[in-house]
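Subject: Structure for your review

Dear colleague,

Please find below the sequence and structure that I am handing over to you. A summary of the findings follows.

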Amino acid sequence: MRTLNGAQIVVESLKAEGVEVIFGYPGGAVLSLYDALYGEEEIKHILTRHEQGAVHAADGYARATGKCGVVFATSGPGATNLVTGIANAYMDSVPLVAITGQVASGLIGKDSFQEADITGITQPITKYSYLVKDVKDLARIMREAFHIATTGRPGPVVVDLPKDIAAAETEFIYPPEVNLPGYKYIYNGITANLTQAVKAVNQAERPVIYAGGGIIAAGAHEELIAFAEKINAPVTTTLMGKGAFPDVHPLALGMPGMHGTAYANYAITDSDLVIGLGVRFDDRVTGRLDMFAPNATIIHVDIDPAEISKNIRADIPLVGNVREVLADLLKEVEPRQHQAWLDKVEQWRRNHPLNYDQDNEVIKPQYVVEQICDITRGEAFIATEVGQNQMWAAQFYQCKYPRRFISSGGLGTMGFGLPAAIGVQLAHPDSVVFNIAGDGSIQMNSQEFATAVQYGLPIKVAILNNHYLGMVRQWQELFYDRRYSYTHMEGGPDFVKLAEAYGAQGMRVERPEDVRPALERAMAAPGTFVIEFIVDEEENVFPMVPAGGAINKMLGGGKR
Ligand SMILES: Cc1ncc(C[n+]2csc(CCOP(=O)(O)OP(=O)(O)O)c2C)c(N)n1
């Protein structure tokens with residue numbers, strides 16, 4: 001048996017969990033952790049420029065791989081800088097273990113230098129937060145942390161490690177099993193409900209599948225395709241579920257909800273059966289609750305029982321792993337045709353396509369996204385920021401595969417995309433990774449250009465520069481009588497020079513005909529490449545369901 005100190009136990013535990021990459025930022029309370037990493041070859045540590053960058057990078061890594069992301073930060077400000085990223089991972093059900101340094105045990109609660117109660121702060125935004133009180137518990141806690149983060153509905157776990165415990169020694173045994181009687185994460189759907197669901201599917205005439213991030217988390221995309229094809233139901237995928245069903249599939253309806261396609265929203269509204277798979281009936285999707293699928297029976301499959309009937313009453317709840325439930329459903333349901341229904345959906349699709357006015361003078365942001373999609377054949381990893389850029393990416397990037405559309409859904413965190421792209425590119429060094437950004441969002445974590453350059457990551461950053469906090473300006477235009485209160489972004493920076501200052505390549509594009517050649521140049525470049533597209537300043541994202549409205553009443557969605 002080996003005697004190790006707490007810091008070494010953390011590192012050995014990470015190895016036992018098969019962790020290859022961690023993201024972090026050092027400081028006084030984690031000196032021994034960083035010392036334990038010194039010369040360590042099995043684990044690569046990525047030094048970001050901000051802890052928020054580190055946690056989003058770990059999150060992006062986790063989303064793109066399905067593995068658990070790991071982040072290190074020091075006590076106090078290091079730990080509090082993780083808070084947004086932890087909340088972000090929590091809202092989108094991303095597995096993450098955050099290891100934070102803490103002041104020495106005897107100093108806790110005394111307003112000691114760089115002390116923050118991170119377990120208290122993060123309690124509502126984690127699946128669990130541990131404060132390690134005895135080095136003898138540490139290996140067990142590490143084992144439990146990974147178990148909790150990755151099982152059931154995935155999510156973040158914090159392990160807060162006081163400085164004296166990181167230095168204390170004990171024998172290291174990594175527990176082969178966890179023993180957490182209070183933690184129940186496997187629920188098996190009730191058979192009676194499965195029978196009821198099968199019956200509902202067999203009887204439905206206007207079914208719609210509404211698929212979310214749970215499909216991706218469960219690795220159920222193949223089952224989803226087979227199921228949709230067998231029952232010939234159109235499939236709408238949420239922002240989190242994007243890629244779970246190929247956007248190019250004839251049954252694909254695109255995204256539902258506030259900025260969803262008109263045909264997805266009309267289909268949901270007219271459906272007689274909504275089959276919700278790994279979704280949480282988010283308010284951005286449902287809009288006005290009593291007008292959401294008013295004539296439909298609702299089947300809701302989710303691994304988390306707390307989701308059932310939280311927002312929309314489920315007529316047929318099925319709690320369980322969506323992959324297993326889908327496999328069961330697939331076996332039991334009868335093949336269906338639904339020709340009349342599909343014809344109707346097709347008519348909506350033809351009459352109300354996603355659209356924008358092409359322009360020969362000014363670059364339309366949608367055109368940039370279309371070109372990125374075309375040049376990468378819908379196969380690139382796309383990390384978005386938040387705002388109009390994100391919605392255009394979701395609308396116009398036709399994604400073929402799961403885990404390739406990486407976006408902050410639940411929390412809507414500006415500044416997520418660039419560091420997330422770093423995590424994605426590290427996980428997939430040979431793949432094309434684009435960060436689609438707004439000029440506002442990119443400035444929230446633009447220091448991470450330095451990280452991308454330091455590690456030689458060939459990320460392509462497409463900044464859609466409208467000189468506004470565009471999505472907020474859009475709301476001000478539509479609902480506040482064009483009173484653009486503090487949404488005009490003046491004063492730069494010069495993004496080309498900024499990229500160059502960090503050692504990346506940068507270029508600016510101002511004319512539509514230069515968009516494609518610029519993308520070709522970026523794709524061919526070996527390193528980090530930033531393209532600033534000067535786009536139409538007042539372009540809006542349509543269709544749009546005003547907040548709290550019924551989803552079939554869209555602005556810019558056309559008349560039925
Ligand atoms: C951290 C954070 N602060 C504020 C907001 C509110 N917000 C949502 S979209 C948006 C504007 C984003 O502007 P930009 O990044 O330039 O993108 P655009 O909408 O112009 O594409 C803001 C401020 C947010 N989502 N996240």
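Cys68 is a buried residue, with a relative accessible area of 10%. Please note that the model is predicted.

Cysteines

Cys373 likewise counts as buried, at 10% relative accessibility. Which cysteine sulfur is closest to that of Cys373? It belongs to Cys399, and the separation is 8.0 Å. A disulfide requires the two sulfur atoms to lie within 2.5 Å, so the sulfur of Cys373 is too far from that of Cys399 for a bond. The structure as a whole holds zero disulfides.

Nonpolar cores

The largest nonpolar core comprises 47 residues, of which Phe23, Ile442 and Val461 touch the most other members. Helix H3, which spans residues 51–65, gives the most to this core, contributing seven residues. Apart from it lies another core, made up of 38 residues, including Ile9, Val159, Ile165 and Ala166.

What does Ile442 contact once its neighbours within four places in sequence are left aside? Its partners are Glu385, Leu418, Asn435, Ala437, Phe449, Val461, Ile463 and Phe495. One of these partners, Val461, is also named with Ile442 among the residues that touch the most other members of the core.

Aromatic rings

A search of the whole structure finds 14 aromatic pairs. One of them is formed by Trp475 and Phe479, whose rings are arranged edge-to-face, with 5.5 Å from centre to centre and 70° between the planes. Both residues belong to helix H21 (residues 470–479), where Trp475 and Phe479 are four residues apart, about one turn of the helix. Elsewhere in the model, Tyr210, Phe281 and Phe292 form one aromatic cluster.

Charges over rings

Two further arrangements bring a charged side chain over an aromatic ring. The charged end of Lys242 sits over the ring of Phe405, at 5.4 Å from the ring centre. Arg473 lies over the face of Tyr468, and here the distance to the ring centre is 5.5 Å.

Yours sincerely

Note on methods
Residues numbered from 1 in each chain as written. Predicted model: local features only at pLDDT ≥ 70, side-chain atom pairs only at ≥ 80, totals over all residues. Heavy atoms only, no water. Buried < 20%, exposed > 50% of the residue type's maximum accessible area, 1.4 Å probe, protein only. Core = buried A, V, L, I, M, F, W, Y, C linked by side-chain atoms within 4.5 Å. Helix = DSSP H or I, 4+ residues; strand = E, 2+ residues; numbered from the N terminus. Contact = heavy atoms within 4.5 Å. Phe/Tyr/Trp six-rings, centres within 6.5 Å; stacked < 30°, edge-to-face > 60°. Lys NZ or Arg CZ within 6 Å of the ring centre and 35° of its normal.
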